[in-house]
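Hi there,

Here is the structure I promised to pass on to you.

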Amino acid sequence: MPDHENRPHTHHAGRPRALRLGVAGPVGTGKSSILAALCRALAAELSMAVVTNDIYTDEDARFLRSAGVLPTERIRAVETGACPHTAIRDDVTANLDAVEDLEEAYGPLDLVLVESGGDNLTATFSPALADAQLFCIDVAGGGDVARKGGPGITGADLLIVNKTDLAPHVEVDVAAMVADAEAARDGLPVLALSRKDPASVAELADWVRALLVRHRAGVHVPTDPGPMAPHRHA
Ligand SMILES: Nc1nc2c(ncn2[C@@H]2O[C@H](COP(=O)(O)OP(=O)(O)O)[C@@H](O)[C@H]2O)c(=O)[nH]1
Ligand SMILES: [Mg+2]
């Protein structure tokens with residue numbers, strides 16, 4: 001068993017450690033934008049930090065720092081090399097170190113957001129890293145994406161169908177896409193989101209608030225959406 005699976009869930013004096021919320025999904029579906037929106041919505045009431053994962057660069061961290069949504073030092077980049085899913089799933093050590101460094105430096109924190117260096121539909125977070133995870137797809141990827149399945153779509157704590165403002169331009173029926181997603185998820189929630197639709201952003205922030213309440217009460221159980229399909233690295 002890898003060492004990280006034995007790490008304790010550390011607690012700051014009587015207070016549960018920060019909720020670690022992963023945001024996964026294919027490249028370009030809007031993960032960084034979701035992190036920015038959550039920081040904007042919640043940073044006034046919660047002590048937050050962010051960890052980004054990129055294959056070759058710290059592009060996502062720089063985007064978030066320049067968005068000015070959190071003090072820049074609370075945004076850390078993990079450069080994953082190779083397949084980004086490795087660092088969020090198979091060996092999460094670098095990410096756990098980044099999260100723990102942030103908690104050490106700025107704790108107690110309420111919420112740490114971890115953005116995956118999204119590669120495809122199959123990458124999800126290990127429960128050793130994320131207490132809960134969002135999986136993000138977007139209407140621009142096509143109305144059929146929700147039917148393509150994969151562990152993120154079927155098992156993430158929340159599935160986001162993002163960029164609904166673009167639906168008319170790409171001829172996607174959002175309601176049908178959400179219905180397909182719900183059919184694939186056996187009762188787990190689906191949220192149609194656009195950063196241009198403040199009500200949907202507020203709904204997302206409320207979902208995170210409710211999750212945090214459950215985390216603090218010790219009743220949230222991290223679940224594993226399941227492993228990715230077997231594959232090989234050249
Ligand atoms: N129209 C629209 N564009 C969005 C929305 N969210 C993100 N985008 C755009 O989608 C692109 C990719 O977003 P980003 O957050 O970097 O995706 P990531 O690769 O998943 O982190 C950027 O050009 C964003 O401006 C949205 O709700 N509506
Ligand atoms: Mg990003």
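In helix 7, the residues Met 177, Asp 180 and Ala 181 are buried. Buried here means that 20 or more other C-beta atoms lie within 10 Å of a residue's own; with 12 or fewer the residue is exposed, in between it is partly exposed, and the C-beta atoms are placed from the backbone. Helices (H or I, at least four residues) and strands (E, at least two) are DSSP runs, numbered from the N terminus.

Seen down the axis of helix 7, these buried residues fall within an arc of 95°, so they line one face of the helix. The arc is that of the directions from the helix axis to the C-beta atoms. An α-helix has 3.6 residues a turn, so residues three or four places apart point the same way. On the other side of helix 7 you will find Ala 175, Ala 176 and Ala 183, which are exposed.

What covers the buried residues of helix 7? The cover includes helix 5 (151-155), strand 6 (158-162) and strand 7 (190-192). This rests on contacts, where two residues are in contact if their C-beta atoms, placed from the backbone, lie within 7 Å. Helix 7 itself runs over residues 174-185, and its 12 residues reach 16 Å from the first C-alpha to the last, close to the 16 Å expected at 1.5 Å a residue. That expected span is 1.5 Å times one less than the number of residues.

**Before you read on**

This is a predicted model: local features need pLDDT of at least 70, side-chain atom pairs count only at pLDDT 80 or more, and totals for chains, interfaces and linings use all residues. Residues are numbered from 1 along each chain as its sequence is written, while chains are lettered from A and ligands numbered from 1 in the order in which they are written.

The pLDDT is the predictor's confidence in each residue, from 0 to 100. The protein averages a pLDDT of 89, and 89% of the residues score at least 70. Over residues 1-12 the pLDDT is below 50, and this stretch has 15 contacts in the model beyond near neighbours in sequence.

**The protein as a whole**

The protein has 8 helices and 7 strands. Of its 234 residues, 45% are buried. Among contacts with a separation of 6 or more, 76% join residues 24 or more positions apart.

Helix 8 (residues 198-216) has 19 residues and reaches 27 Å from its first C-alpha to its last, close to the 27 Å expected. Its buried residues are Ser 200, Leu 204, Val 208, Leu 212 and His 215. They cover an arc of only 130° around the axis, which puts them on the same side of helix 8. The face turned away from that buried side carries exposed residues, including Pro 198, Asp 206 and Val 213. The cover over the buried residues of helix 8 includes strand 1 (19-24), helix 1, strand 4 and strand 7.

In helix 2 (residues 59-67), Asp 60, Ala 61 and Leu 64 are buried. Seen down the axis of helix 2, they fall within an arc of 100°, so they line one face. Those buried residues pack against helix 1, strand 2, strand 3 (75-79) and strand 4.

**Backbone details in the loops**

Asp 186 is exposed, with 8 other C-beta atoms within 10 Å.

Glu 171 also has a positive phi, near 55°, and lies in the loop between helix 6 (167-170) and helix 7. Glu 171 counts as exposed because it has 9 C-beta neighbours inside 10 Å.

The peptide bond from Gly 107 to Pro 108 is cis, with omega near 0°. Pro 108 is in the loop between helix 4 (93-106) and strand 4 (111-115).

**Around ligand 1**

There are 15 residues around ligand 1, and Gly 30, Lys 31, Ser 32, Ser 33 and Lys 163 come nearest. A residue is near a molecule if its C-beta atom, placed from the backbone, lies within 6 Å of it. Helix 1 (residues 31-42) gives the most to this shell, with 3 residues. The shell divides into 2 nonpolar, 8 polar and 5 charged residues. Here Ala, Val, Leu, Ile, Met, Phe, Trp, Tyr, Cys and Pro count as nonpolar, Asp, Glu, Lys and Arg as charged, and the others, Gly among them, as polar.

Enjoy looking around!
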